[in-house]
Amino acid sequence: MELVYTRTKTLQEDKVSGFCPGCMHSTIIKLIGEVLEELDIVEKTTLITGIGCCGLHMDYVDYDEITAPHGRATAVATGLKRTNPDRIYYTIQGDGDFAAIGLGESISAANRGENITVIFVNNAIYGMTGGQMAPTTLLGMKATTAQNGRNAKEHGYPIHMCEVLNQLTAPVFLARCSCNNPQNLRKTKDAIKKAFINQIEGRGFSMVEIVTSCLTGWGLSPLEGLDYLEEKMFPEYPLGIVRDI
Amino acid sequence: MAKVLMKGCEAIAEAAVRAGCRFFAGYPITPQNEIPEYFSKRMPEVGGAFVQGESEVASVNMVYGAAAGGTRAMTSSSSPGISLKSEGISYAAAARIPMVYVNVCRGGPGVGVIQPAQTDYLQATKASGNGGFRMRVFAPATVQEAVNMTYKAFDYADMDRNPVLILSDGVVGTMMEPVELPPMKSDDEIERIKESKKKISCIGHPLGERVWIKPGVWDTIMWENINKDAEKLYESWADQAEWESFMTDDAEVIVTGYGIAGRIARSAVEIARGQGLKVGLIRPKTVYPFPYKAYEMIDYSKVKAILDVEMSIPALFLEDVKAAVKERCPISTYLRSGGNLVSREEMVSRIKKLASR
Ligand SMILES: Cc1ncc(C[n+]2csc(CCOP(=O)(O)OP(=O)(O)O)c2C)c(N)n1
C-alpha cells in the first residue's frame with residue numbers, strides 16, 4: 001500500500017503525547033516539524049523553549065533544544081544566533097512567557113530585528129501553572145486568579161502582541177493564525193514556513209502568533225473550545241498577516 | 001612583554017578577548033561601564049559580537065545562549081545588576097554551561113552607593129542564584145591579577161562546564177595600573193576551542209545526535225543525579241584554592257582580607273614590619289574554594305589575634321575566616337562600608353594594639 005502520511009522524522013520515536021486531550025500543541029509541533037523537513041533545515045535547527053506548556057515541546061522533538069528561563073527565550077536566541085549566524089533558531093513561547101514576564105525581552109529582540117523566528121502560542125491563560133490570568137486573558141474570562149472574570153478596571157485589557165510589535169520598524173513578518181480547522185491549519189503552516197524562510201534569507205525578526213484553546217484552563221470540552229475560539233477569541237485577536245515586508 | 005597602562009575594567013575586557021571571548025552582552029551600571037564600552041569597540045575588530053542588552057536579565061540570558069552555542073562568552077555588572085543576573089547564572093550552573101561574569105562590586109544593599117565595596121561577598125561565594133550551586137570565585141587585588149584571573153577563568157569555565165565569577169570591586173575596576181597582557185589566542189585556536197564543543201553545542205545536529213540542554217527535568221531521580229555530579233565537581237576544587245601568605249611564619253598578628261582590602265592590608269603589614277612588629281598577611285585569591293589551608297598553616301601558639309579587614313558592614317568575609325580559624329585565636333575586625341576605603345594607617349594602629357596584648 002502506498003504510504004501517504006507519516007509522522008515527521010523530527011519527532012522522538014515511540015513518544016506518546018502527554019498534552020491534555022484536545023490541546024493544539026501537538027498540532028503545532030507537527031506543523032513546525034513539517035516545515036523544518038520541507039526546508040531541509042532540521043539538522044541546523046535549535047529550539048529554544050520558554051517555560052510553560054510550550055516547554056513540553058522539548059520532550060517530543062528530536063533536534064537540538066535549550067530551555068530558557070521563563071520569558072527569556074528571545075534573549076537566549078539572540079546569544080545563539082549572534083554567535084552562529086548560519087544556524088537556525090526559533091523560540092516557542094506562551095502568552096505568560098512572551099507577553100508578561102518576557103515582555104521586555106520580546107519587544108527588545110523584535111526591535112533589534114534579531115534574525116530569529118518566534119512562535120507565540122496565545123491561549124489566553126497560564127496553562128502549565130493551572131489557569132491563572134494572562135495578559136491576553138479576555139475581559140470577562142474566568143481565571144484562577146480572576147475568579148469573577150477579568151475586568152478592565154482592575155486588570156486592564158488583553159494585550160495584542162502582533163499589533164504591539166507592529167509599532168516597531170524592525171520586524172519583517174508578523175502573523176496571527178490558529179489551528180481550529182483544516183483551512184487555518186494550512187495558513188498557520190504557511191506562516192511558520194515564511195517565518196523560517198525569512199530567517200534563512202537573513203531578513204530579520206519574524207513572529208507567528210497562534211491563537212489556541214486551553215481546554216483544561218478554560219474548563220471547556222473540545223467542541224466548546226472550538227466554539228469559544230470562533231466566538232470570543234478571534235473577535236479579540238483577528239487572524240491574518242499583520243506585517244509582511 | 002612590555003607593560004601597558006590600563007584601567008581595570010578595560011584590562012579585564014582585553015584579557016577576555018585574548019582568552020577567546022567572542023560574545024559579550026551587558027547593561028550599563030557604574031562602576032563597570034568601561035567593560036561593555038570596551039567590548040563594543042573591540043568585538044567587531046576580532047569578529048566577535050557585542051550586544052547591549054535591555055537589562056541585566058536579558059544580557060545574562062544572551063550569554064547563556066551564546067555559551068550554549070559553543071562560544072566563549074561573558075557578561076559583567078555591578079551589585080544590583082548582579083542580583084538580576086542570578087537567574088541566568090543559576091540556569092547556567094544547572095545546565096552546566098560555561099560562562100564568565102564579573103562583579104565590579106559597589107556598596108550595597110539596594111542601589112547603595114556607586115563607590116567601591118565588598119558587600120556582595122556572601123552572594124558571590126554562597127548563593128549567586130537559587131538552587132545551591134557553586135562556582136569558582138576569583139578576587140583580584142591588582143589590575144594584573146584581574147587580567148590573569150579573567151584569562152584563566154575561561155579555561156576553568158570550559159573545563160568544569162560551569163560559570164566562573166570574577167569578584168572585583170570599584171577600586172580594581174577603575175584604577176589604572178601597568179599590566180602585562182596575556183597572549184592573544186589566534187583565530188585558529190579559538191575555532192578549535194569552539195570545534196571541541198561541537199557535540200554539546202546548540203548548533204543543530206543530525207537526528208539521533210541531538211543536543212538537549214537541560215536546566216531542569218521532570219524526573220526527580222535524574223535531577224538528584226545531576227545534583228550529585230555537580231557536587232563531585234565542586235568537591236574536586238577543594239585543593240585548588242589560591243592565596244597569598246606574607247610573613248606569617250613568626251607572626252603574632254595576622255591580617256586577613258581579600259581583593260583591594262587585602263592589598264591595602266599587605267601595605268600596612270609592610271609598614272608595621274618596618275616598625276618591628278611581628279605581623280603577617282593571608283589574602284585569599286580564590287574566595288570559592290576558600291583557602292582554609294592557609295589558616296591551617298598558621299602557628300597558633302604564636303598568634304595573638306587575627307585582624308579581619310573588609311569593606312563591608314556587617315562583616316561577611318569574617319564568616320569564612322571564622323570557619324577556617326576554628327576559635328584557635330581571637331579574631332578582631334576593621335570594617336568600612338558605604339564606599340569608604342579601609343585605611344592603611346588605621347590598620348597599622350590596630351595591628352599595634354593587637355600585638356601589645
Ligand atoms: C521565573 C519563573 N516564574 C514563574 C514560573 C512558574 N511558571 C511556570 S509556567 C508558567 C506560566 C506559563 O504560562 P504561559 O506562558 O501562558 O504558557 P502556557 O503554559 O499557557 O502554555 C509560570 C508562571 C517559573 N517557572 N519561573
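**The ligand site, the chain interface and selected residues**

A backbone N or O atom of A:G127 lies 2.7 Å from an oxygen atom of the ligand. This is a predicted model, in which local features need pLDDT of at least 70 and side-chain atom pairs count only at pLDDT 80 or more, whereas totals for chains, interfaces and linings use all residues. Residues are numbered from 1 along each chain as its sequence is written, chains are lettered from A and ligands numbered from 1 in the order in which they are written, and side-chain values use heavy atoms, with hydrogens and water left out.

Further polar contacts of the ligand (a polar contact is a pair of N or O atoms within 3.5 Å; within protein, one must be able to donate a hydrogen and the other to accept it, and residues adjacent in sequence count only if both atoms are side-chain atoms) involve A:I125 and A:N123. A:I125 places a backbone N or O atom 3.1 Å from a ligand oxygen, and A:N123 has a side-chain N or O atom 3.1 Å from an oxygen atom of the ligand. The ligand taken alone exposes 590 Å², of which the protein buries 75%; accessible areas come from the Shrake-Rupley method with a 1.4 Å probe, and for residues only the protein chains shown count as cover.

Two elements of chain A, α3 (95-101) and β5 (125-126), each give two or more residues to the shell around the ligand. Helices (H or I, at least four residues) and strands (E, at least two) are DSSP runs, numbered from the N terminus. The largest contribution to this shell, four residues, comes from α3(A). There are 16 residues around the ligand, and A:C53, A:D95, A:D97, A:G127 and A:M128 come nearest; a residue is near a molecule or strand if one of its heavy atoms lies within 4 Å of it. By type, the shell holds seven nonpolar, seven polar and two charged residues, where Ala, Val, Leu, Ile, Met, Phe, Trp, Tyr, Cys and Pro count as nonpolar, Asp, Glu, Lys and Arg as charged, and the others, Gly among them, as polar.

The two chains also meet each other. In this interface, 38 residues of chain A are in contact with 33 residues of chain B, contact meaning heavy atoms within 4.5 Å. Together the chains bury about 2800 Å², 57% of it on carbon and sulfur atoms; buried area is the accessible area (1.4 Å probe) that two parts lose on being put together, summed over both. B:L207, B:R210 and B:W218 supply 22% of the area that chain B buries against chain A, more than any other three residues.

A:T83, in helix α2 (residues 73-83) of chain A, touches B:F23, B:A66, B:T71 and B:K194, residues up to four places away in sequence not being counted. Its side chain reaches the backbone oxygen of A:L80 at 3.1 Å. A:T83 counts as buried because its relative accessibility is 11%; buried means under 20% relative accessible area, exposed over 50%, and partly exposed in between (1.4 Å probe, protein chains only).

In chain B, strand β11 (residues 243-246) contains B:F246, which is buried at a relative accessible area of 15%. B:F246 and B:L281 are 35 residues apart in sequence, yet their C-alpha atoms are 4.9 Å apart in space.

Finally, some backbone features deserve attention. The peptide bond from B:Y288 to B:P289 is cis, with omega near -5°, and B:P289 belongs to the loop between β14 (286-288) and α11 (292-296) of chain B. Another cis peptide bond joins B:I313 and B:P314, with omega about 5°.
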